[in-house]
Amino acid sequence: MARRKKIYEGKAKILYEGPEPGTLVQYFKDDATAFNAEKKAVIEGKGVLNNRLSEFFMTGLQSIGVPTHFIKRLNMREQLIRQVEIIPLEVIVRNFAAGSMAKRLGLEEGTPLPRPIIEFSYKDDKLGDPLVPEEYIIAFGWASQQDLDDIVPLALRVNDFLSGVMHGVGIKLVDFKIEIGRIWDNDYQRLVVADEISPDSCRLWDIESGQKLDKDVFRKDLGSLTDAYTEVARRLGVLPSNVTHRPRPTLIN
Ligand SMILES: Nc1ncnc2c1ncn2[C@@H]1O[C@H](COP(=O)(O)OP(=O)(O)OP(=O)(O)O)[C@@H](O)[C@H]1O
Ligand SMILES: [Mg+2]
């Protein structure tokens, strides 16, 4: 007999009905996919690491006043989240050229960008999440101009926070992707950071060596993905029973 109702099963996560209306349980799977699911594998431990890391980033964002869908972690693989209406866009923030941008513009991977650049792709697996201009987003009604005016500063705040946290542990935040959700309070909507923030959705390079510590390890067969994600978690102090955001102050007399 099913323990609870499954709402959606995606490539990396499963959503179940939550204990209260307006909540969901997000279960992190070990499945890894790349190139629009053409490449697939099960990477033992990835779900546990991403559940921890997403909790760490979401709670850190909340502590500086950036709203997110995160409520609390339930266990090794699951977290309780607010149910949101997902805006069908991947909001991508880039600090250095990499991936599709490097290819499109003929830039060497790692070229610093003049300023953080935000781009949007339309969430549609069949189309391969195509890059879309703001004009399309508004014309097709995926989000309003007001939404975009709120999303851009939100994404930049997430970028500043994540860049700073990663820089503090010797990691360069090359780029990342977030999803944004709407929460309705009667007729009033709030936008929150939803989905996940993890090495699956960021490009993270070691500042010293340039070693990749993100999903590119899997995309490009560069070694063990679990080792890379464990290294990120270790540096951030995200340990199984000890999730902290800052080092404890030491008394000096
Ligand atoms: N708070 C939330 N409320 C409702 N839906 C959410 C929330 N957070 C994330 N989601 C959605 O849940 C799904 C998570 O599953 P997963 O990331 O495995 O999907 P996916 O295979 O990547 O598919 P998609 O292309 O829809 O992201 C995504 O569709 C995501 O948009
Ligand atoms: Mg997804």
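View 1. Over residues 6-235 the chain is 30% helix and 36% strand, with the end C-alpha atoms 34 Å apart. Helices (H or I, at least four residues) and strands (E, at least two) are DSSP runs, numbered from the N terminus. This is a predicted model, in which local features need pLDDT of at least 70 and side-chain atom pairs count only at pLDDT 80 or more, while totals for chains, interfaces and linings use all residues. Residues are numbered from 1 along each chain as its sequence is written, and chains are lettered from A and ligands numbered from 1 in the order in which they are written.

**View 2. The chain as a whole.** The chain has 6 helices and 16 strands, and its C-alpha trace spans about 50 × 45 × 45 Å along the principal axes. A compact globule of 253 residues would have a radius of gyration near 18 Å, and the 18 Å of the chain agrees with this; the radius is taken over C-alpha atoms, and the globule rule is 2.2 Å times the number of residues to the power 0.38.

**View 3. Where the two assigned domains meet.** The domain assignment, which is automatic or comes from a database, gives domain 1 (6-84) and domain 2 (85-224), and their C-alpha centres lie 17 Å apart. The contact takes 19 residues from domain 1 and 25 residues from domain 2, where two residues are in contact if their C-beta atoms, placed from the backbone, lie within 7 Å. On the side of domain 1 that touches domain 2, β4 (31-34) and α1 (46-63) are the elements that give two or more residues, and α1 gives the most, with 7 residues.

**View 4. The shell around ligand 1.** Of the 19 residues around ligand 1, G10, K11, A12, K13 and H69 come nearest; a residue is near a molecule if its C-beta atom, placed from the backbone, lies within 6 Å of it. At least three residues of this shell come from each of domain 1 (6-84) and domain 2 (85-224), and β2 (13-17), β7 (78-82) and β12 (171-185) each supply at least two. The shell divides into 8 nonpolar, 4 polar and 7 charged residues, with Ala, Val, Leu, Ile, Met, Phe, Trp, Tyr, Cys and Pro counted as nonpolar, Asp, Glu, Lys and Arg as charged, and the others, Gly among them, as polar.
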